[in-house]
Amino acid sequence: MVDSYYQKHQGVEENLQCLHRLLLRIQAIVEEADSRHITNQAMLLQLRMLSNMMYRGYYFLDNFRCRIVQAHAQDEVRDHSLALSSFNPLKQFCFSTTTRKMVSEVSERKELHKMLGHLESIVSDMQEFVVFVSSYPRMSRQPYCSYLLLENCMFGRQEEQERVINFLLARHPPGGEEVIDVLPIIGPGRVGKSTLVEHVCHDERVRKYFSTIVFYGLGSIENNGDMAFLPDTGAVKYRNPVSGKQSLAIIELVDEMDDETWKKILHSLRGDHIAPVSKIIIMSRSNKIELFGTTKALQLDFLPKEVFWYFFKTIAFGSTSPVEEPKLASICMDIAASVNRSFIGLNVHGSILRSNICAQFWYSYLKRLKYYTDKHVRLFGEHPRDTNKNNGGLTYVWMHKNKHGCSGLATYKLFQASSISQNNLPTIRSIDMVSRNVKPRAKYEVLEWQSSIPPYYSYIAQYEILAQPKLMLPPKRKRSGALSEELV
């Protein structure tokens, strides 16, 4: 049915195929460049620009195809309604909307031609870049599928990583050896601050430069009378006796910090320490730590929607091609929008979708996800991604049906476990709560997601089956060919 719709718009479909071929060429160049150890800053800048254009292009292509699928579905509903009666009052309305639809299609075709011209210009200018890329040595990498490769790397933070590394490797001017350089990294919770710093610390250039890398985690700052200090409980992440006699200190804050406390911490780090501290990275959600920096703070935010979509669809589809499943891609795009660029949500929802690549399952999943996301926003005034201590960490999640009856499901107190404390992780996973029969209990501890990249955090939530599920049921609507309401 969708194919017949494409035949009516053959010129558009040919342009979309041409756009896809251009994106594949750009993707091949980007992946080849990513596999090389490029050190030239101008080359890295070109690579970032090329990557961003690739993400924008794929988002445009997938969004365009999704609009075609959705328009086709609306036409089917309209044609079915008009066929019921020759005197249907809907006909007048449909005739009045035809002009608006034609104007919209003309505008969309102009956007498509503009994107095609832009990508063709980029590809024609890439010949010199490809030659330079081939001159850099390859990095050792296992041959993974694309979704496995993205699951096992830090995605979308290469620019930030290089900035932090450049800060760490910058030498002090003559006479400034006693100064401690400080880089504040600021961003909302679970945006990837710890992941970024961990990958920086694994870089060979950083490990050769510092003799010791010490991490002071949440709660490491203590107050002893009027003296704030960092106790000898810092985790030594790396030690290299051969390198220079200077240390890197990484501090992660729970709350805000006043100037006096910060001065005392600096005094503590200058004093009796493993090796003289020359650089400090301080992480926090509060913008106030920007005042402690000796250089401009690094502001981390969630990925742009185009970059996030590229990551999400790769995780959700796995080895399946979204181009071959336009209906699934349309549903997936709506799910990605509901996830609202959350890294944890991306991995949790993406892995659940990949476990059952079926339009019926995905549509039912989307329907419930949107319902409970909207419910959470109405109750707490914020998206579940931004849930914080103001509402006790409560997040309404789902309604599932099983042999034990219909039950409402809620999560609260999402917390993370470090790689050191992962021996006693919950055996129940989020996918078990969504798609399987779970015998009702008062509360569950559920493994939401286990990261496969440093610092290898696991995210655990406490689930509770609510006693009065009727208050949370989405409204029932009759429609022809309705999909199953159960996630099984």
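Residues are numbered from 1 along each chain as its sequence is written, and side-chain values use heavy atoms, with hydrogens and water left out. Because the model is predicted, local features need pLDDT of at least 70 and side-chain atom pairs count only at pLDDT 80 or more, while totals for chains, interfaces and linings use all residues.

Helices (H or I, at least four residues) and strands (E, at least two) are DSSP runs, numbered from the N terminus. Six strands form an open sheet in the order β5-β2-β6-β7-β1-β8, with mixed pairing; two strands pair if DSSP finds at least two bridges between them. β5 (235-239) and β8 (298-299) are at the edges because each has a single partner strand, so one side of each has no neighbour in the sheet. Strand β2 (residues 212-216) pairs with β5 in the antiparallel sense over four bridges, and R239 in β5 is the bridge partner of T212. Helix α8 (residues 193-201) packs on the sheet and touches β1 (181-186), β2, β5, β6 (247-252), β7 (277-284) and β8. Contact here means heavy atoms within 4.5 Å. The direction of α8 makes about 155° with that of β7; axes are lines fitted to C-alpha atoms, for helices over the stretch in contact, and angles run from 0 to 180 degrees between N-to-C directions.

Helix α11 (residues 305-317) and helix α13 (residues 343-354) have axes that come within 7 Å and cross at roughly 35°. In this contact, residues of α11 including F308, F311 and F312 meet residues of α13, among them L346, H349 and R354.

In helix α2 (residues 10-34) lies E13, whose side chain makes a polar contact of 3.4 Å with that of R65. Such a contact is a pair of N or O atoms within 3.5 Å; within protein, one must be able to donate a hydrogen and the other to accept it, and residues adjacent in sequence count only if both atoms are side-chain atoms.

The table lists accessibility, where buried means under 20% relative accessible area, exposed over 50%, and partly exposed in between (1.4 Å probe, protein chains only).

| Residue | Relative accessible area | Class |
|---|---|---|
| E13 | 14% | buried |
| C18 | 22% | partly exposed |
| C201 | 3% | buried |
| N340 | 24% | partly exposed |
| R341 | 25% | partly exposed |

Most residues other than glycine have a negative phi, and most peptide bonds are trans. N340, in the loop between α12 (326-339) and α13, has a positive phi of about 60°. R341 lies in the loop between α12 and α13, with phi near 65°. A cis peptide bond, with omega about 5°, joins P454 and P455; P455 is in the loop between β11 (443-450) and β12 (458-466).
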